[in-house]
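This briefing is meant to be read beside the sequence and the 3D view. Please have both open before going on.

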Amino acid sequence: MRLSTGVDGFDELVDGGLLRNRLYILSGPPGSGKTTFSSQFVTEGARVGEKCLFLSMHETEAELTHDMSAYDFGFEKAAQSGKFQFRNVFDSNAKRLLKGPGGNDFSSGVKNMTNRLVGFINSREIDRLVIDSTMILQYFYPDNHEAFVQFLTSLKRVDATTLLISEMTDPTSYADEHYLAHGVIFMHNYMESDGMHRGVQIIKMRGTDIDSNIHPVEFDDDGLHIRPERKLEA
């Protein structure tokens, strides 16, 4: 029932891979590797024949493909495989999917958006979903905590394994998504006297034996590599 993330060394930290059809939060500061991790996640899905959806508000498909083409893990091939869909939330098609008709009743609009997205994911049998990032939810649900929680709860019920990217600089400052998710992965990024250090830490993972130490993250031509045999001190 587990699936590989496609990130070298990571699956060893989570008992062999992620449990399917669960919601995972991928948090960390800018430059820590969240988008690369997520891109390897959907690339691995497409490689094994799974249907993948990448929903973003930060970049276009062309921008993401250009950035990931710097690596050799096969993102371009995955994007052209027919198993991969990309949506930018500001595109007209994505706006119709996410907003839809809701009338003047805000609660009705929220429920409609949630139902539309969940229906889209399930009807197209999406296996892997990436949402980049929680800013999307805050954009559509400004100043409405209840709606935000409602949407996160619905994400937990979709028939897809979901990575929700969360921009976060303090691993001890938790938000709603961290409490509601099945698992929380934190990408560290900090300076030391000898230069920049990057690491990954499993904060929680329900139903899974985890290694909660901080392990080094390295970038090379093949993307991210986790070093489970080594530990970092933040």
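This is a predicted model: local features need pLDDT of at least 70, side-chain atom pairs count only at pLDDT 80 or more; totals for chains, interfaces and linings use all residues.

Residues are numbered from 1 along each chain as its sequence is written, and side-chain values use heavy atoms, with hydrogens and water left out. Helices (H or I, at least four residues) and strands (E, at least two) are DSSP runs, numbered from the N terminus.

- Strand β3 (residues 23–28) pairs with β7 in the parallel sense over 6 bridges; two strands pair if DSSP finds at least two bridges between them.
- Within that pairing, Tyr24 has Leu163 of β7 as its bridge partner.
- Strand β6 (residues 128–132) also pairs with β7 in the parallel sense, over 5 bridges.

**Helix α2**

- Helix α2 covers residues 61–68, and Leu64, Thr65 and Met68 in it are buried.
- These residues lie on the same side of α2 because they cover an arc of only 100 degrees around the axis, the arc being that of the directions from the helix axis to the C-beta atoms.
- Ala62 and His66 are exposed, on the face of α2 turned away from its buried side.
- The buried residues of α2 pack against α1 (34–47), β4 (52–56), α3 (75–79) and β5 (84–88), where contact means heavy atoms within 4.5 Å.

- Strands β9 (residues 195–205) and β10 (residues 215–220) pair in the antiparallel sense over 2 bridges.
- Val200 has His215 in β10 as its bridge partner.
- β10 pairs with strand β11 (residues 223–226) in the antiparallel sense over 4 bridges, and Asp220 stands opposite Gly223 in β11.
- A hairpin through 2 residues joins β10 to β11.
- Asp221 is placed in the loop between β10 and β11 and is exposed, with a relative accessible area of 53%.
- Asp221 and Asp72 are 149 residues apart along the chain, yet their C-alpha atoms are separated by 5.7 Å.
- Leaving out residues up to four places away in sequence, Asp221 touches Tyr71, Asp72 and Phe73.

**Aromatic rings**

- The structure holds 4 aromatic pairs; rings of Phe, Tyr and Trp (its six-membered ring) pair if their centres lie within 6.5 Å, and planes under 30 degrees apart count as stacked, over 60 as edge-to-face and the rest as tilted.
- One of the pairs is Tyr71 with Phe73, which is stacked at 5.7 Å centre to centre with 25 degrees between the planes; both Tyr71 and Phe73 are buried.
- Phe75 and Phe84 form an edge-to-face pair, 5.5 Å centre to centre and with 75 degrees between the planes, and both Phe75 and Phe84 are buried.
- The charged end of Arg128 sits over the ring of Phe41, 4.8 Å from its centre; this requires NZ of Lys or CZ of Arg within 6 Å of the ring centre and within 35 degrees of the ring normal.

Technical notes: Buried means under 20% relative accessible area, exposed over 50%, partly exposed in between (1.4 Å probe, protein chains only).
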